[in-house]
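Have a look at the model first, then read on.

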Amino acid sequence: MASSAVALAVLFAGVATIASARDDGPDPAPGGSGAERLRVPSAASADAGFARDMAVHHQQAVEMSFIVRDRTQDEEVRRLAYDIANTQANQRGMLLGWLDLWELPKVAPDGRPPMAWMAPGSGGHQGHGMAGMTGPAGKDGALMPGMATRAELEELRTLDGERAEVFYLQLMTDHHKGGVAMAEGCAGLCTVPAEQRLARGMAEAQQSELDLMADMLAARGAKPRS
């Protein structure tokens, strides 16, 4: 049963990624033509901020998944880790590709901190703050809500077997909760349709994986940290 659930979650995440990838860039403005039709957001926009920050967020998910792959032989956890690494590496490539396409820097302008694009009132938007996000953001390398600290990553590298599985599932649960909040923020604040669709696909896929990880933790006599 658990193996089937993992397989379904893997399939769902893959479908969400493919559906998002069908839109290969910003939609043109009505009435425009050629390069003039390309809708290029500003460096301080939610579109650019989400692309920059989620690329960093995804990179840590990929790193954690590769760590646990080498710390357990459990087929279900290894399959989930492979799917998360594969999906988020692909999505990270899309986000960085858009920044290149828009000719925007991969670091925030004017020294802005991570997640500034989601701060209440940024860009004239309200209601898309960081409420509900989890994790020690800003501490020990955890740049954004949900991200693991350097100490937690080092601890994961020392664990084996079920202890590694449980800690990975707990860390990834926190990570996904932060990721879902960020993706929902972009869905409401971003202006590039293809990016909004990708963000919605991320939120749906990661929510499905959150449910799966809760079941996997329960099967191991554990539960999410928050």
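A cavity, on a 1 Å grid over the protein atoms alone, is a set of points where a 1.4 Å probe fits but cannot get out, and its lining residues have an atom within 4 Å of a point. Grid points are joined across faces, edges and corners, and a volume is the space filled by probe spheres set on the points.

A quick word on the ground rules. This is a predicted model, where local features need pLDDT of at least 70 and side-chain atom pairs count only at pLDDT 80 or more, while totals for chains, interfaces and linings use all residues. Residues are numbered from 1 along each chain as its sequence is written, and side-chain values use heavy atoms, with hydrogens and water left out.

**The holes**

The largest cavity has about 80 Å³ of space. Among the residues lining it are Ala43, Ser45, Arg52, Asp53, Arg112, Pro113 and Trp117. Sorted by class, this lining has 7 nonpolar, 2 polar and 3 charged residues. Here Ala, Val, Leu, Ile, Met, Phe, Trp, Tyr, Cys and Pro count as nonpolar, Asp, Glu, Lys and Arg as charged, and the others, Gly among them, as polar.

The second largest cavity has about 60 Å³. Its lining is made of 11 residues, and Thr87, Gln88, Ala205, Gln206 and Glu209 lie nearest the centre. Two elements give two or more residues each to this lining: helix H3 (75-101) and helix H6 (193-219). Helices (H or I, at least four residues) are DSSP runs, numbered from the N terminus. Which helix gives the largest share of that lining? It's H3, with 5 residues.

Two packed helices are described by the angle between their axes and the distance between the axes. Axes are lines fitted to C-alpha atoms, for helices over the stretch in contact, and angles run from 0 to 180 degrees between N-to-C directions.

| Pair | Angle | Axes |
|---|---|---|
| H2 (46-69) and H5 (161-189) | roughly 165° | within 10 Å |
| H3 and H6 | about 165° | 12 Å apart |
| H5 and H6 | roughly 155° | within 8 Å |

H5 and H6 are therefore roughly antiparallel to each other, a label for angles over 145 degrees. Their crossing is left-handed, as the near helix is turned anticlockwise from the far one by less than a right angle. By class, the contact of H5 with H6 has 14 nonpolar, 7 polar and 5 charged residues. Contact means heavy atoms within 4.5 Å.

H2 passes H5 in a left-handed crossing too. Phe50, His57 and Met64 are among the H2 residues in this contact, and Tyr168, His175 and Met182 are among those from H5. The residues of this contact divide into 14 nonpolar, 6 polar and 1 charged.

And H3 with H6? That crossing is left-handed as well. H3 brings residues including Leu80, Gln88 and Trp98, and H6 brings residues including Leu198, Gln206 and Glu209. This contact has 12 nonpolar, 3 polar and 4 charged residues.

How values were computed: On a 1 Å grid over the protein atoms alone, a cavity is a set of points where a 1.4 Å probe fits but cannot get out, and a pocket is an open set with protein on both sides within 12 Å along at least five of seven lines; lining residues have an atom within 4 Å of a point. Angles under 35 degrees count as roughly parallel, over 145 as roughly antiparallel, 65 to 115 as roughly perpendicular and the rest as oblique.
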